Amino acid sequence: MSYSGGCSTFLETIFSVVLPPLGVFFRYGFCSSEFVVSSALTALFYVPGIVYSVWVIVLKTPPEPPGIDGERPYYILA
């Protein structure tokens with residue numbers, strides 16, 4: 001089972017082209033290093049912010065969903 005489906009990845013990629021930190025926020029959240037780097041690159045130079053955000057969303061492994069006991073994801077417990 002995939003954490004992020006094809007439709008959400010597509011929407012996150014679209015948001016990353018329009019406003020790069022927004023797409024990264026939807027994938028990783030506000031307090032992640034990916035979001036901070038994307039925000040900094042976008043504030044300094046817009047195009048590197050787009051490149052980094054699309055790379056993080058499309059090519060980087062998505063975060064593992066959290067589990068209740070720290071080992072198993074929620075969908076296995078149900």
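**View 1. The largest nonpolar core has five residues.** Val24, Tyr28, Phe35, Tyr52 and Val56 make up this core in the predicted model. Helices α2 and α4 are the elements that give two or more residues to the core. In soluble globular proteins, nonpolar side chains tend to be buried together.

**View 2. Arg27 and Glu12 form a salt bridge.** Their side chains meet with an N to O distance of 2.8 Å. Arg27 belongs to helix α2 and Glu12 to helix α1 (residues 6-18), so the pair ties together parts that are 15 residues apart in sequence. Arg27 has a relative accessible area of 7% and is buried. Glu12 is buried as well, at 8% relative accessibility. Side chains of opposite charge can pair when their charged atoms come close.

View 3. Glu34 is in helix α3, while Lys60 is in the loop between α4 (46-59) and α5 (74-77), and the pair links distant parts of the chain, 26 residues apart. Glu34 counts as buried because its relative accessibility, 11%, is under 20%. Lys60, at 30%, counts as partly exposed. The salt bridges in the model come to two by count.

**View 4. Ser32 sits in the loop between α2 and α3.** This loop lies between α2 (20-28) and α3 (33-44). A polar atom of the Ser32 side chain is 3.2 Å from the backbone nitrogen of Phe35. Ser32 has 10% relative accessibility and counts as buried.

View 5. Along the sequence the pattern reads α-α-α-α-α. Of the 78 residues in the protein chain, 29% are buried. The chain exposes about 5200 Å², and carbon and sulfur atoms supply 73% of that area. Among contacts between residues at least 6 apart in sequence, 45% join residues at least 24 apart.

Methods: Residues numbered from 1 in each chain as written. Predicted model: local features only at pLDDT ≥ 70, side-chain atom pairs only at ≥ 80, totals over all residues. Heavy atoms only, no water. Helix = DSSP H or I, 4+ residues; strand = E, 2+ residues; numbered from the N terminus. Buried < 20%, exposed > 50% of the residue type's maximum accessible area, 1.4 Å probe, protein only. Polar contact = N/O pair within 3.5 Å; in protein donor to acceptor, adjacent residues only side chain to side chain. Salt bridge = Lys/Arg side-chain N within 4 Å of Asp/Glu carboxyl O. Core = buried A, V, L, I, M, F, W, Y, C linked by side-chain atoms within 4.5 Å. Contact = heavy atoms within 4.5 Å. Areas by Shrake-Rupley, 256 points an atom, 1.4 Å probe, with all protein chains shown as cover.
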